[in-house]
Every structure is written in structure tokens, then in C-alpha cells.
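Dear colleague,

Please find the structure below, together with its sequence.

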Amino acid sequence: MRKPNRREPFLPRKVRQAFSNGIVYLLLLAGSGFMLFPLFWMISTSLKTMEEANSPRITWWPAQPQPDAYRQVLTDSRWLLYFSNSISPTPRSSPRWRFWGRWSRWRPSPTPSAASSGRDATSSSS
Amino acid sequence: MNPKLYTFLWAVATVVFIILSSLAVASVAKLIARWRGKNRTYQARTFASYFFASPWIVGYIIFVIGPTLASLYWSFTRFKLPDPPVWVGLQNYIQLLTTDDQFRVSILNSIYVTLFGLPLQLAMALVLALLLYRRLPGEQAFRMIYYLPVMLAANAAMLITWRLVLNPNNGILNTLIRMIEDIFPFLVPVRQGVVWFTEITNAAFLGLQRGDFNLLQQIVARGLPGPEVMPLWHQSQLWSKPAIIFIGVWSCGMMMIYLAALSSVPPHLYEAALVDGASGWQRFWRITFPMISPATFYNLVVGIIATLQIFEQSYVLTDNGGPAQSTYFVAYYLWRSTFRFNKIGYGAAMSWILLVLILVLTLIQFRLANRWVYYEYEEA
């Protein structure tokens, strides 16, 4: 049973509902701005020139997006090697190096077959 | 040899090993069952169940128990890698707990971040979960947005982005603060107060931590900072730990667990409370909060463990432990002595101290849990 002295709401129920939903939406939007902003900034910075990235003036989005950084990464043989190592279960890094004989010691195999290919310049240090 | 064939042979050998070791484990289990005088059916069942469980058991023994025992042994030795370990008894532990200042600093830093960061994370997660629990249209999109940082949090690329964002001079965060203050000038004194409070508390903490209160005296003597003093984030020893706490709040994944717990609160409790005329505040503190206390407990336990293991933040964000060792954390110092200075025995001892610390804290929490965590099935 309802208590008789419960005060009557000022606005009708639907209006109050819409009002509070609006406030919740605003808070959620502000929160997602906070959550997404660093991600947005990461993407935006990746397209900037060095000057734009380091200047104290805010460049929200570069006037002329520079794909140079991406081009550089995608043509970097070392990066490609590391990326393929990350996604493929068999190590491709080492056509010349393999697990040989004794426990945990890497030794050169007798066939330096792929010595001239660009990618194993990185695996020569072990 | 052809590398593909080589990989294939290794795979075959692994499978054979797994089958043989499983057979061995299952036979041992069956033998034990026979010694205890069980009948044949029971023995056969024991054999079968242990046979199917033992790939995991063997993997656990090889990859978890084995390294654990090895590190326990190494923690009592002096071990520099090309040389074999030399037994030194308790010397590593004694040195860590009595004379090593850096270890004391890192333990205290870890405790600082846990003590101040975790409540903020819990509060933020709970508020977000309560907002999302309205079941408004678009909830799923918001849920995804709020979970995105968790997947990217301790990622080197993300932390480098945070270095850019938090840069005190031309970082976007401080620039944004300046921009907002240009529009609303009354916020400048608020920022001055926040800066003053953070610097005073951090200087006091640093003083307590190192027994040297010069910095605190300087800060106190300076009084309220001028309006030009901005937060220095990862470049000052007074701001590096707040910066890490800030990133922790940004990337804590506790909201999902709260959201799941909220949907399991029975609605008839709210209906009853509404009939009784309870206000929204009362409904939250008397119904929602007690009913989701298991989620809070879980978040607390997992959060403490995760915060004590912070590593990437001090490695990438503050560039190797930060200004004046202000972001040395236990896990970071452990890594540093083990892999930078090749003191493997010392690092192993540190990891065991960290393990004991986490264990003690978790046990204390489980003890205290009886007082405030409510499980529904206990009623029955």
C-alpha cells in the first residue's frame, strides 16, 4: 500500500523519463569521447607530418593526410617479418637457423641457402 | 633438412609424447585405485578419466610446476647466465628485504598505485555500468566503445600514443585543458587546486618513501602554484604515478563484470522497494550494491593482482621506471634485475616475494569477504 504523504511528481512520468534518458545519453557520449579520443589521436597522428605531430597547435585532422608512415611500415622487411611471426605458428624468421641437437641452442645449419634474401639480415644475430 | 618436414616431425613427436605420458599418468592412477582396494569397474573408470585429463595435467607439470620449482631453486642461488647457479641460501631474500632501497621504492610505488588507483577504477566501472544498464538503444555500441581500451591498454603503440597525449608542453591533453580554460576562466583556480593537491600528496609520499623531505618543503614553501603550472604527467616524479592511474582508469575492464552482475539482480526487489517508497539513492545502496557485491569482490581481487603486476606502463610510458625511479614497480624492478642486469637468482627471489604478497592480500580479502559479500544461495 502506498504511503499517503508521498509527494506528487511535478512533471508527467514520460517527460521525466525522457529527461533522465537524455542526461544518461550525454554522460555516455562524454564517456565514449574520453574512451575513444586516444584511439582517434593515434590514427590522426599516424597521418600527420612530423611538424604537425610535434607542434603545440592542435591539428585535429591533418589537412593533407600523409600515408608515408604506413608506406614505410609496409615496405619495412623487418616489420613484415615480425608481423608474419606474430600471425603464423611456424617461425619463418630462420631458414638458416634451426633447433639443432642439444637443448636450447641454436646453431647454423650447413646449408646457407637463403643468405642473399633480404629478410634474414635480421636473424643473423643470435 | 626441409623445415616443413622438420616441423612435421616435431609435431608427430609431440603427439606421441602426449599419448605416452597420458598413458603413464593414467596407469599410475589405476595402480593407486587398485592399492586402495577398488573394484575393476572403478579402476577402468579411473584409468579412462585420468587418461583424458592428463594432456592438461602433463602440460601443467611441464610448463607451470616445472618453471615454478626452478625459480624457487634459483631464488636461493646467485645465477648469472653463462655460469651455473651458486647456492647462497637466504642471502637474496635478506638483501631484498633489508638493504635494497630500490626494492623498497618499487614495493611502495606498487602499493600507492593499488591504494589510489583501484578505488577509482571500481567507481568508474560501476558508474559506467549503471549508466549502460538503462538498456537504452545503442547500448551495444557504447559497450563496445567502453571495452575497446581494455583490449589495447598495455600495448606499446597505445602507450606511445599516451606519451604524445600526455606530453606537458605540446601534448593534446594539456592543450585541451588550456583551451577549455580560455572559454571558462573560472576553471583555472580549480586546476591550480588540483595541481597543488596532487603535488603535495605525491611529494609527501616521496618523502615518506625515501626519508628525504626536501621536495615536500619546497612544494609547501611555494604555496599555491601559479596559473602557468600545468600537470607534468610522465615527465615529473610528482605526476608519473597519477598518470599511470589515469591510464588504468581509462582501460579497466571491470565495467563488463558489473554489467553482468547488474542484470542478475532480481527485479522484484526493486518493485518492493518502490512500493515502500525508497528513493533511488536508497535503492542503490540497499539493493543494488549488496546484490552485486560478489562482482565488486571479484574486481577487487583481480584488480589488486593486476595492479601489482604493472610492467608496460613503466617500461614504455615513463621510459624505464620514470623520473627518479618514481614508477619503479615490483614487476618492473623484477624484470630489470633479471634481464637487464642478469641477476636471475635475485629476480626469482623478488618474484617469490611478490607471489607471497599477492597471496597474503588475496587471503585477507577472502577472510574479510564474509562480512560484506552476499551470495544469494547462502539463504537457502
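Which residues in helix 2 of chain B are buried? They are Tyr50(B), Ser54(B) and Trp74(B). A residue is called buried if 20 or more other C-beta atoms lie within 10 Å of its own, exposed if 12 or fewer do, and partly exposed in between, with C-beta atoms placed from the backbone. Helices (H or I, at least four residues) and strands (E, at least two) are DSSP runs, numbered from the N terminus.

Please note that this is a predicted model, in which local features need pLDDT of at least 70, side-chain atom pairs count only at pLDDT 80 or more, and totals for chains, interfaces and linings use all residues. Residues are numbered from 1 along each chain as its sequence is written, while chains are lettered from A and ligands numbered from 1 in the order in which they are written.

To continue with helix 2 of chain B, its buried residues pack against helix 1 (3-35), strand 1 (77-78) and helix 17 (344-372) of chain B. Packing here rests on contacts: two residues are in contact if their C-beta atoms, placed from the backbone, lie within 7 Å. Helix 2 (residues 40-74) has a kink of about 50 degrees at Ser54(B), shortly before the proline Pro55(B). The bend at a residue is the angle between axes fitted to the seven residues ending there and the seven starting there.

Helix 6 (residues 156-166) of chain B has the buried residues Met158(B), Thr161(B), Trp162(B), Val165(B) and Leu166(B). Seen down the helix axis, these fall within an arc of 125 degrees, so they line one face of helix 6; the arc is that of the directions from the axis to the C-beta atoms. The face turned away from the buried side carries the exposed residues Ala156(B) and Ala157(B). Among the elements that cover the buried residues are helix 1 (13-46) of chain A and helix 5 (139-152) of chain B.

Trp196(B) is placed in helix 8 (residues 187-210) of chain B. Trp196(B) counts as partly exposed because it has 16 C-beta neighbours inside 10 Å. Beyond its neighbours within four places in sequence, Trp196(B) is in contact with Leu224(B) and Pro225(B). The C-alpha atoms of Trp196(B) and Leu224(B) are 5.9 Å apart, although 28 residues separate the two along the chain.

Finally, chain A contains four helices and two strands, in the order α-α-α-α-β-β from the N terminus. Of its 126 residues, 3% count as buried.

With kind regards
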